[in-house]
Amino acid sequence: MATGTAVEALPPPLKESGQREVFCGLTSIVWLHRRMPDAFFLVVGSRTCAHLIQSAAGVMIFAEPRFGTAILGERDLAGLADANEELDRLVAQLLARRPEIRTLFLVGSCPSEVIKLDLAKAAERLNRQHTGRVTVLNYSGSGIETTFTQGEDGALQALIPLMPRSEQSQLLIVGTLADAVEDRLVSLFHRLGIERVASLPPRRSTELPAVGPGTQLLLAQPFLSGTARALLDRGATLIRAPYPFGVEGSRAWMAAAAAAFGVPPAQVAEVLDPLVERGRRALAPHRDTLAGKRLFLMPDSQLEIPLARFLSRECGMDLVEVGTPYLDRQLMAEELALLPAGTQLSEGQHVDNQLARLRAARPDLVVCGLGLANPLEAEGMATKWSIELVFSPIHGIDQAADLAELFARPLRRRAALAFV
Amino acid sequence: ADAVQRFQPEALLVGESCTAELIQDQPGALAAGMDLGGIPMVSLELPAYSKKENWGAAETFYQLVRGLLKPQLPAPGSPRPDPSRWRAEGRRPRVNLLGPSLLGFRCRDDVREIRQLLDGYGIDVAVVAPLGARPADLLRIPAADANLNLYPELAGTVCSWLERQFGMATVNTVPIGIGATVAFLRELHGVLDLPLPADLEAEGHSRLPWYSRSVDSTYLTGKRVFIFGDASHAIAAARIASRELGFAVVGLGSYSREQARELRAAAKELGLEALITDDYLAVEAAMAEAAPELVLGTQMERHSAKRLGIPCAVISTPLHVQDVPARYAPQMGFEGANVIFDTWVHPLMMGLEEHLIGMFRHDFEFVDGHRSHLGDGPPAAAPEPMAVAPAAAGGGLSWSTDGEAELAKIPFFVRGKVRRNTERYARERGLELIDSEALYEAKAHFSR
Ligand code: SF4
């Protein structure tokens, strides 16, 4: 593998605050409800929060709802006692209608945080009321505290106290993966000789993996700072690696796990190198589309830095600016070391200033949220909307070409469309 | 004679059905010998055993127009009328809309759309025929400056006869789709010697271009589509699909033998071999072979697509009652493009659902092949699109259990194609057993 840049070679990141154009953590429900179909997500918030979830996931028509909002009314604002009673009544109603729900997440929002409605206490109370039937947990997805994927970090942290303890040696992959990708990675780890591999979150909310001193933690997603720390507190050890995006990142990620389990490098090479060779071959046509193109990433999911690394090193793109909503230097250290020298990072957002920089730079491709994508297209700039990246199977060596395709596609589409 | 007496028509058509054709009563000759009160009579020669509906309609229309216009035929050698004579005569240019008919695809609204469009450019409509025209109207055809051959299947013969005999100019572009509508307006303005409007290519006329450019449509890029219908609609659809919606056209065909040449040319441009057939089984087999993600066809293709578990939209006759909608639903012109965008995209799984089903396959409600925006339950039978071609893995090829398992993880709408590609790859490499590694190898090999 090529050696990376020293982190010192990066200019200091722009730290900005101001107007932000990002999702709140509630949106994590849109994918978490599919990963764990036996869970229900009850947002305690306002009509605004209900609108958000319904607009995001409502294009799918549900026979049985998987999420809902307990909307705080005027009476609730006047007296918190009322709010708690209301919540108990609503939950009882919900559980009567949906007896198959095993885990109920009470999801905090801006309004519930601001009026200091104690959802942790409410969860405890409801747990007592419905013992044996359902586990009630809580986390916050409020816009004040969380940005987009940080909602998953909150949800996973809520699950950690329920994880059984075990000393057994195992590899724990943390972060939502597509089913097929998960199966694939697990089977590759088996081939490397790592027998016990578990995932968090599991496919069923009740089938939580164990954790303890024998657990080696491998983060599949970069936005899990809180979860990682909570698992370390329970005795797990963190495997330091770049994230499994692209051929290079995925190989390094798997190799780091293999090293942690004492797998000899020769065996790693034997298993992974054919995949690497094949992955590069599949990547080649997309590289042709992407090489030399200038890329600007707006902050959204914290996937920006690993993706920028992949797109510059493996697809030949030039990085104009790499924005991230939040930069955890420790968990991002391996990624930062691989970025090309001089890469301009920005943390946080002042959207108007950022748009001014964007317009001045006129990049070939902008990675941004849906609020900006169409307006920027109308200004003649090609965009790749970033939310798709948390809904697509993009992890692992075998998916490197699919990941590149997500960025090449808007460019190919623009070239393909002609109306006269 | 009864019919003439009771209905007192302006003209009479006399013809035979298939059975009557066998008996050979020569009703046309009989009618010619009867006293019909002096109304024109057209005797139709329609070989029911070798020709079909569209030919019959085209022939009837042609014979009728020819019969009625015979007295007006200009003397041989007289100069062609100048299509820009409207200027000298101090009036707006006027054109005939030829081809729209009952039982045609969306003719009612196409006529209204084209009328409106022309009116916007200061062009009048003289005669619309056959839809809504009386024999007396047909007599006014030569008074127009040009003929618009809107439905070549039906009006092609008449238009070329009018061009030969009366020297009338014809506009042959069928205005279905943005590009075609713009080309149609260009051709028309050229023929009538009108200055080209400055805003002709501005995209503001229709919402399709922006809808198609907007990021919600990115996932449409390269979706594999199979097109079949009458030649005019199939050719128009192929152009819209490939250039205006960003689909990959993987099959193009028509039952219109009369327009086979045009269709072949259109297919060739897309790197395809045109399928000219009226055998629905051949169409279904070609559809299965191409393993598309969307079928644009007639109501027959709806059946095949349903059988194969593929989303489908209707673009051409034959049609059923639901394709004669109460609402305004043209295919032509700029509004037609709006209708087309909605109709073609609707049957596809929506972006978010497509993603989530691709990600998480263990859901109890959102299972493989489910399209919840259509309100359907989970598909009853497994819509394994390749069920019709069980022998596909023949030639000593077989799938291992882990190969099958890996295949099952491919999103269902592309699974058929992946299966085919993998088998092709295995055959080329001389593999006998297809396992998961072979599938990944093939995927990397065919990565587009
Ligand atoms: S949690 Fe806050 S940011 Fe999110 S929808 Fe509710 S009010 Fe808006």
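1. A few ground rules before going on. This is a predicted model, where local features need pLDDT of at least 70 and side-chain atom pairs count only at pLDDT 80 or more, while totals for chains, interfaces and linings use all residues. Residues are numbered from 1 along each chain as its sequence is written, chains are lettered from A and ligands numbered from 1 in the order in which they are written, and side-chain values use heavy atoms, with hydrogens and water left out.

2. Back to A:Ala404: is this residue buried or exposed? A:Ala404 is buried, with a relative accessible area of 0% (buried means under 20% relative accessible area, exposed over 50%, partly exposed in between, with a 1.4 Å probe and protein chains only). Leaving aside neighbours within four places in sequence, A:Ala404 is in contact with A:Leu283, A:His286, A:Leu290, A:Phe310 and A:Cys315 (contact means heavy atoms within 4.5 Å). If you want a distance to check, A:Ala404 and A:Cys368 are 16 Å apart in space, C-alpha to C-alpha, and 36 residues apart in sequence.

3. Now look at A:Gln399, in the loop between strand S14 (383-385) and H16 of chain A. A:Gln399 is buried too, with a relative accessible area of 8%. Leaving aside neighbours within four places in sequence, its contacts are A:Val181, A:Pro393, A:Ile394 and, from the other chain, B:Lys443.

4. That brings us to the interface. How many residues of chain A are in contact with chain B? There are 56, and they meet 48 residues of chain B. The area buried between the two chains is about 4,600 Å², and carbon and sulfur atoms give 58% of that (buried area is the accessible area, with a 1.4 Å probe, that two parts lose on being put together, summed over both). In chain A, A:Arg34, A:Arg413 and A:Phe419 lose the most area to chain B, together 19% of what that side buries.

5. A:Phe40 lies in strand S2 (residues 39-45) of chain A and is buried, with a relative accessible area of 3%. Not counting residues up to four places away in sequence, A:Phe40 touches several residues, among them A:Phe67, A:Leu94, A:Ile101 and A:Phe105.

6. Next, the ligand. The residues around the ligand are A:Cys24, A:Leu26, A:Cys49, A:Leu52, A:Ser109, A:Cys110, A:Pro111, A:Ser142 and A:Gly143 (each has a heavy atom within 4 Å of it). Helix H2 (47-57) and helix H5 (110-114) of chain A each supply at least two residues of this shell.

7. Chain B has 19 helices and 13 strands, and 54% of its 448 residues count as buried. Along its principal axes the C-alpha trace spans about 80 × 60 × 40 Å.

8. One helix of chain B deserves a visit: H15 (residues 333-345). At 1.5 Å a residue, its 13 residues should span 18 Å, and the end C-alpha atoms are 18 Å apart, which agrees (the expected span is 1.5 Å times one less than the number of residues). Why is H15(B) described as largely enclosed by the rest of the structure? Because ten of its 13 residues are buried. Among them are B:Phe334, B:Ile340 and B:Trp344, and the buried residues pack against elements of chain B including helix H6 (107-120) and strand S10 (294-297).

Conventions: Helices (H or I, at least four residues) and strands (E, at least two) are DSSP runs, numbered from the N terminus.
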